[in-house]
Amino acid sequence: MIYDVIVIGAGSMGIAAGYYLAKSGKNVLMLDAFDPPHEEGSHHGETRIIRFAYGEGASYVPFVKRAGELWKELETLTDETLFLQTGVMNVGEENHSFIQNVKASAKLYDLALEQYSAAEAKEKWPGLSLPDHYVACFEPTAGVLRVEACIRAYRKLALEAGATLHTNEKVQSIKAGSVVRVQTAKNVYEAKQLIVTAGAWATELLQTLDITIPVTPTRKTFAWFEADEQLYGEDIFPAYCFEFADSSYYGFPSIDGAGLKLGRHDGGEAINPNAPLRPFAEHDAVDLQNFIQRFMPQHGALKYGKTCKYSMTPDEDFIIDFLPKHQNIVIAAGFSGHGFKFSSAVGEVLADLVLNGKSKQDLSLFKVSRFHAQ
Ligand SMILES: Cc1cc2nc3c(=O)[nH]c(=O)nc-3n(C[C@H](O)[C@H](O)[C@H](O)COP(=O)(O)OP(=O)(O)OC[C@H]3O[C@@H](n4cnc5c(N)ncnc54)[C@H](O)[C@@H]3O)c2cc1C
C-alpha cells in the first residue's frame, strides 16, 4: 500500500506531526528506531522548560505562544497535567544579549515579566545567591513540561486518530521520487509524502539521499541534587536560565521531590549517534557542582546524573523546511537544545506543510537553504 505520509522518527516532533496528520484524515505511518518515549535520543529526563519571553530572539515568540496553546489543548484532550506553571527566571548581567532579548520579547508581545535586582531576588527566593550586578527577569506564566508524558499523550491520540506506529524499526535509507521509498531491516514502505524528524540521526539519514545538513549530534549531561523542599520545591522556586559571557546553564526546582535538576546548555562533545553515550562521570559533575554551589548554595548532595543528545545547527536556529530538490519531503531537525517546548506547534506546522504546502507560522528563520545544503 502507498501511505499518504510516512514520518521517520516518532519522538518529540514526529509524534505530534503524526497526530495532527491522522486527525486530518491522512493515512500515516510513523517509524521509530526505538519505542518513544525512550532514553536514546533527546526527549528523556522528566522535564523541559517552556518560556515565552524568548532569550534566543523575539521572532520565536508567536511560535512558542502557539505551542503553549496546543499544550493546553493536549492537556484537555487527554485529561492529564503536562504543564507546571513554576515560572521561569532568566538571570545574568542586564546588558547580556539573552536578557535584552527576554525583555524585548516581553515588551513587543505584552508578556508578563518582573525584573528583580540581586537583592530583591534573594529576598523572593531565599535559596538563591546572586552577585550584586546580576538581574533576574522572572516570567510568572512560564514553566515546565513533563516531557515523556507529553510524548505519551500525543502517541495515544495519534493512534486513536488512526495513525500506524512501528516501533523498534530503524529506517536505513530513503529513496526520493513522486512516491518515496523508505527501507528498514524488515520492509520497504512507500508514501506520497515524507517527514524526517530523526533528531540526532537526521544528518546520517539524509546522507542516504546525498544531502548534507550541518546538524551535529552532541553529548550533554545533566544531574539532580538533593534539595530542601522549603527552599527549592516546585511551589517555591522557579525553573531558571543563567546566562554568562562564556556559558549558560538551565535547571528546575525540585518537582515531585526529585531534587534540583541542573544542566549546562553550551558546549558538549560531538558524537556518533549510534555509539553508546559515555555515561555520566565524576568529571561531568564538577562543573555542575561549581555552578550550584555558587548560585543555590543551600543545595544538598549530588543524587545522580544522566546523558542525553542535542542536535546542534551552527546558528542554533531550527531547520523546518521542504528539501530543496524534493518537494514531497519535509525535514524538521537541528533543535539545538531548545526545541521541546515548540514540539506541539512544530507538529502542527509539519502537518500544515504536508497538507497545504505552507504554514501560518513564519518559518523564514528555519530555512535549510541558509546553510546551502547540498
Ligand atoms: C538534557 C536536555 C535538556 C533539554 N532541555 C530543554 C528545555 O528545557 N526546553 C526545551 O524546549 N528543549 C530542551 N531540550 C531540547 C529538546 O528536548 C529537543 O530539542 C527535542 O527533544 C528534539 O526533538 P526531536 O524530535 O528532534 O528528537 P527526538 O525527540 O530525539 O526524536 C527523534 C526520534 O527519531 C528516531 N529516529 C532517529 N533515527 C531514526 C531512524 N533512522 N529510523 C527511525 N527512527 C529514527 C529516534 O528514535 C527518536 O525517537 C533539551 C534536550 C536535552 C537533551
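I started with I6 and looked up its contacts (C-beta atoms, placed from the backbone, within 7 Å). Leaving aside neighbours within four places in sequence, I6 touches L29, L31, V180, V182, Y189, A191 and L194.

I noted the basis before going on. This is a predicted model: local features need pLDDT of at least 70, side-chain atom pairs count only at pLDDT 80 or more, and totals for chains, interfaces and linings use all residues. Residues are numbered from 1 along each chain as its sequence is written.

**Helix α1.** I took helices (H or I, at least four residues) and strands (E, at least two) as DSSP runs, numbered from the N terminus. I then checked burial (buried: 20 or more other C-beta atoms within 10 Å of the residue's own; exposed: 12 or fewer; partly exposed: in between; C-beta atoms placed from the backbone). In α1, 11 of the 12 residues are buried, so the helix is largely enclosed by the rest of the structure. Among them are S12, M13, G14 and Y20. The buried residues of α1 pack against β1 (2-8), β2 (28-31), α5, β12 (188-196), β20 (326-333) and α9 (343-356). Just after α1, G25 has a positive phi of about 95°.

**Helix α5.** I turned to α5, residues 147-160. Its 14 residues reach 20 Å from first C-alpha to last, close to the 20 Å expected. V147, C150, I151, A153, Y154, R155, L157 and A158 are its buried residues. They pack against α1 (12-23), β3 (47-50), α2 (61-78) and β8 (143-146). G162 follows α5, with a positive phi near 105°.

**Domains.** I used bounds from an automatic or database domain assignment. Domain 1 is 2-43 + 148-212 + 315-371, and domain 2 is 86-143 + 217-312. Their C-alpha centres lie 30 Å apart. The contact takes 13 residues from domain 1 and eight residues from domain 2. I sorted by class: Ala, Val, Leu, Ile, Met, Phe, Trp, Tyr, Cys and Pro are nonpolar, Asp, Glu, Lys and Arg charged, and the others, Gly among them, polar. The side of domain 1 that touches domain 2 has five nonpolar, six polar and two charged residues.

I counted a residue as near if its C-beta atom, placed from the backbone, lies within 6 Å. Of the 39 residues around the ligand, G9, G11, G41, G199 and G339 come nearest. The elements α1, β3, β13 (216-225) and β18 (302-312) each give two or more residues to the shell. By class, the shell has 18 nonpolar, 14 polar and seven charged residues.

**Y109.** Y109 is partly exposed, with 15 other C-beta atoms within 10 Å. The C-alpha atoms of Y109 and V61 are 7.6 Å apart, across 48 residues of chain.

Conventions. The expected span of a helix is 1.5 Å times one less than its number of residues. Two residues are in contact if their C-beta atoms, placed from the backbone, lie within 7 Å.
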